[in-house]
Amino acid sequence: MRWEFKGYGKIKVIGLLLIILWFGLPGLINPGTVEAKTESSAPATQLELTLNDGGVVIELGAYSIDELQNMPQVKREYSSIDSMPAAVFTAGQGLDLEALLNSQNIDLNSISSLRFYATDNVVKKVDKNMLLDKTRYYFPKIVECWDAYWDESSCKYTDDQLVRQGAVPVKPMLAITSSQERFLPAPDWNSLEGSTCLRLCLGQESPEECTTMNFIRWVYKIEVFGKLQAGSSAVSPQVTLNAPLAGASYQGGDNVPIAGTAQKLTSLTLTITDPEGHAVYTVFDLETKDGQFTEEFVLGADALPGSYTIEVGPAPGSSLGCKQAFQVKAAASSSKTVAKTSEEIPDNGVAKSKPEETGTQPVVTAPTGSLNDIAGHWALESINKLIARGAVKGYPDGSFKPDATITRAEFTTAVVKAFNLTNANGKYFTDTTGHWAKDYIATAAAEGIVGGYDESSFGPDDSISREQMAVIVIKAARLTPAAENNFIDSGSIADWAREAVATAVKNQLLKGYPDNTFRPASEATRAEAVSVIASALKL
């Protein structure tokens, strides 16, 4: 956008001076410390189109700019108001957005939203209602009426009927070439150029609607949340299970090998349900390599006998996945004098148990796997329990690193897996885009058990604190809130965490330290996190 400060009434010289002072004064005071934000990026060289059908992402196609130019072209004019505020005209030549979506065999009625990706790392999700459903207009009089009828205090035109004269309905487009300028008497068709290719353009509902920020520049990818048209010839992803064989039989403590093939999918969701229909194992990000996937499910020694069902596909309940059943026979049980538990306070502030002689019951031995650094560790039982549940894993070198810190992403993922949460309609934070745990974080957000630092940031790689851990696990377990505790450092517990900390302590998921402190900001370890989750599952 070029800055046009011509003699159009209220073209604010004062505004320009304020901008200069805003960016320049700090530099005068402390030269070299202030840099203006860049307003440029690389034009898109192609357009990728994908369809997100309930979490199933299908690649529809990728087109070069030359290929886009060979598609039917439209020329349109748009009006808008920017945040200055200032009246803006845009002239654009390129592709009608609806026609482009139709050409991809997308059912327009099924679309809920579209996500636009730009080369300057902007990712913006726009509701279909705003972009495609509402009638929007080009108002050619927004500049002509600016001087006499724009009211700065209300940011509206005082003569609405006059400024609406000549309004023309206009549909959204992707401009290959465009021009966009403030306070010109009309859109400038003589200055079309491709430096902002591809630019999303859309009309206004009303003459004063501030929409210039939605003219997203440098769009290189569009993700459409919807479905294909009925009878579409697009090839759908296919998943097959090769192992275990149908009707294969196992018993408690056995490893159940899972293997199969997947076409056009880079990751899968795998769920195993027990004979009563409860999900006992879930993996959201099962990777495929060269069209193959493998996983291993460890049956607990007390696994419920009966028929288990494996479901694997691009998303839970997807019609593109497949199912396979296997049988579990009752394992031989042994008896041994075991312990009831009474709580003590270890140095790490997490509740653990100690033996107390009582009657006899079947011994349940959690699988230890090949982990080489958990033998004798106080959290051994909890670690084994969550490994068997598929909620946590060790490292490639055979270690678990129980005393290492755990990140917010890792803890959230473990909670989602442990509690078998599958809601896939959560929020994607800006700083989780491309992150390995983005789907788990989105699921947790949809369930209302996590939130970000603000609307756009989650801090997935930040170490999780004890108070953050308490909030998440209490929400996941849906525990009844408890009254506040009287630790000597209670004043340092954040307001948003007080109730959760009190609830976690009451339910003996977490404890204070021997000096009667809680240390809410202390970083939790992997062992502590696993122990808290395992204890919460019992509740």
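This is a predicted model: local features need pLDDT of at least 70, side-chain atom pairs count only at pLDDT 80 or more; totals for chains, interfaces and linings use all residues.
Helices (H or I, at least four residues) and strands (E, at least two) are DSSP runs, numbered from the N terminus. Residues are numbered from 1 along each chain as its sequence is written, and side-chain values use heavy atoms, with hydrogens and water left out.

Leu184 is buried, with a relative accessible area of 9%; buried means under 20% relative accessible area, exposed over 50%, and partly exposed in between (1.4 Å probe, protein chains only).

Now to the helices, starting with α8. Of the 11 residues of α8, 10 are buried, so this helix is largely enclosed by the rest of the structure. Among the buried ones are Arg408, Lys417 and Ala418. Thr413 also has its place in α8, and at 5% relative accessibility Thr413 counts as buried. Leaving aside neighbours within four places in sequence, Thr413 is in contact (heavy atoms within 4.5 Å) with Trp436, Ala437 and Tyr440.

Two helix partners of α8 are worth a look. Axes here are lines fitted to C-alpha atoms, for helices over the stretch in contact, and angles run from 0 to 180 degrees between N-to-C directions. The axes of α8 (residues 408–418) and α12 (residues 526–538) come within 11 Å and cross at roughly 25°. That makes α8 roughly parallel to α12; angles under 35 degrees count as roughly parallel, over 145 as roughly antiparallel, 65 to 115 as roughly perpendicular and the rest as oblique. On the α8 side, Phe411, Ala414, Val415 and Ala418 meet Ala529, Ile533 and Leu537 of α12. By class, this contact of α8 with α12 has seven nonpolar, no polar and no charged residues. For these classes, Ala, Val, Leu, Ile, Met, Phe, Trp, Tyr, Cys and Pro count as nonpolar, Asp, Glu, Lys and Arg as charged, and the others, Gly among them, as polar.

Arg408, Phe411, Thr412 and Val415 of α8 make the contact with Gln468, Met469, Ile472, Val473 and Ala476 of α10. Those residues divide into six nonpolar, two polar and one charged.

Helix α10 itself is also well covered: 11 of its 12 residues are buried, so α10 is largely enclosed by the rest of the structure. What covers its buried residues includes α8, α11 (498–506) and α12. In helix α7 (residues 380–389), the buried residues include Ser382, Ile383 and Leu386.

| Helix | Residue just after | Phi |
|---|---|---|
| α7 | Gly390 | about 80° |
| α8 | Asn420 | about 55° |
| α10 | Arg478 | about 55° |
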